[in-house]
Amino acid sequence: MRGDLAGRAVYLLIEDAGRELDSRILIAQHLLERGAEVWIGQQLWFVRNFTALRPGVALFKGTNIAQVANMRAARLAGHRTASIDEELFGLIGTSGKRMHDPRAGRHCDLFLAQGAAQHEFLRDSLGIPADSIRITGNPRADLLRAPATAPIDRAAEEIRGRMGPFVLINTNISGINPHDQDTYNYYRRCIALNAIDPDNPESVESFHQLCAFETENLRAIAAFIAAFRAAAPDRKLVIRPHPAEDPNSWRNAHGGDPGIEVVEDKRHLAWIRAADALVHTSCTTGLESALLGTRTIGLVPDPGNPYSRRYISNLVSEIHQDPARAARALADGGSAPAPNLTAIGNLIHIDPDEMAAAKTAGALAGLSITISGETRTGRPEAGFRSFTPSGRQRDQMTVPEATLRGRLRELGSAIGLAEPVNCEAIQQDVFRLRPDSPRVP
């Protein structure tokens, strides 16, 4: 397979660098090994420039209404389209159904499923032909097991050396504590993304259940913090708000407590690895923590709420309905039960012999060869339009060139694909990677 993609282009679109950058770099390394030219960066820059880019394969982060509209633009410009659903990485079954635009089958050529359950959902619930679906796993899971964990381990060692021992609380209440104004604004964004139908009473009731779920989780976090501070006053707590939350709410609540620190560092996996334990309230980071081998405690104050049953993390965590009991269990030490990873085998495909990133690259390669040679070389790469991100988009996707080069080096070395790569900055947060050029300095 080495060199079989020479002369072909693959575009890896990123919405949120903290969530997607490293997994896209893993995919890029495997594509580069096969000779492909890989473009990586801000998704909306690509949307504005599909007509100026020579036809290739564009990988999107999902199939909601906005992503499908962008896929349509890519297809009209002669590109092939593929999707790997980052919103469903930590979810069970079909709970994310409204995150799929019903037109996805018309504009997406290839659906990359992270497990058998998602494959079945795409085929049976959305009507996607089976030959348009590939089970690849998710490269985000690659980052949670050797050898790709080497960079995380180094970053975790630096954090532990600076912070000392600590317990990490990862919050996940962006509905009632959104980064932009208030819950009503969050509600309007959900409508815009087709995640809520305001004319459907069941859909609106689901949003009310979400708000109730997050409110109970907030109370559980507050009770856990109070109980843990009482039981272990000398142990440090670190609160890392979800990136979609307003971190100032947490600073206002706990900024005066010397035993509590609020951090916004995007290296969330390194913080999980560095922690003595992770405490979460039905969050994808609970799944990541369990796969990394960190003690993982899930607070589930209302197990009857449908949202409590949505998250894979609650299948692999040490679950507590009573936050005070969870605090005492953690303060007392002792061994944590081993996570039951067999319970999630049909949800996340993990192949011990091949990385999900390699499977993903192989699937994209199969799509790439459907682009004719004439089309592949017939368009000049010139006249790119610039894209000015909003403040929120800048927070999600700012990647300095030095950062990308460093991640290419670190992850490439960790997985044994440290090939010479030419990294060229095209515009802000957009890069072209090409193999067989001078090694990245």
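Helices H9 (201-231) and H14 (residues 323-331) pack at an angle of about 35°, with their axes 8 Å apart. Helices here (H or I, at least four residues) and strands (E, at least two) are DSSP runs, numbered from the N terminus. Axes are lines fitted to C-alpha atoms, for helices over the stretch in contact, and angles run from 0 to 180 degrees between N-to-C directions. The H9 and H14 crossing is right-handed, with the near helix turned clockwise from the far one by less than a right angle. On the H9 side, the contact (heavy atoms within 4.5 Å) is made by Ala220, Ala223, Phe224, Ala227, Phe228 and Ala231. H14 brings Pro323, Ala324, Ala326, Ala327, Leu330 and Ala331. By class, that makes 12 nonpolar residues, no polar and no charged. Nonpolar here covers Ala, Val, Leu, Ile, Met, Phe, Trp, Tyr, Cys and Pro; Asp, Glu, Lys and Arg count as charged, and the others, Gly among them, as polar.

A word on the source: this is a predicted model, where local features need pLDDT of at least 70 and side-chain atom pairs count only at pLDDT 80 or more, while totals for chains, interfaces and linings use all residues. Residues are numbered from 1 along each chain as its sequence is written, and side-chain values use heavy atoms, with hydrogens and water left out.

Now for another helix pair. H1 (residues 17-33) and H18 (residues 401-415) have axes that come within 10 Å and cross at roughly 60°. This crossing, too, is right-handed. H1 puts in Leu21, Asp22, Ile25, Leu26, Gln29 and His30, and H18 answers with Leu404, Arg407, Leu408, Leu411, Gly412 and Ile415. The class count for this contact is seven nonpolar, three polar and two charged residues.

Pro247, Trp250 and His254 of H10 are buried, meaning under 20% relative accessible area (1.4 Å probe, protein chains only). Seen down the H10 axis, these buried residues fall within an arc of 60°, so they line one face of the helix; the arc is that of the directions from the helix axis to the C-beta atoms. They pack against H9, strand E8 (236-240) and strand E9 (260-262). At the N-terminal end, Asp246 caps H10, with a side-chain oxygen 3.0 Å from the backbone nitrogen of Asn248.

His280 sits in strand E10 (residues 277-280) and is buried, at 1% relative accessibility. A polar atom of the His280 side chain lies 3.3 Å from the backbone nitrogen of Cys283. Leaving out residues up to four places away in sequence, His280 touches Asn170, Thr285, Gly286, Thr296, Ile297, Gly298, Leu299, Ser313, Asn314 and Ser317.

Pro147 is in the loop between helix H6 (139-142) and helix H7 (150-163).

Note on methods:
Buried < 20%, exposed > 50% of the residue type's maximum accessible area, 1.4 Å probe, protein only. Polar contact = N/O pair within 3.5 Å; in protein donor to acceptor, adjacent residues only side chain to side chain.
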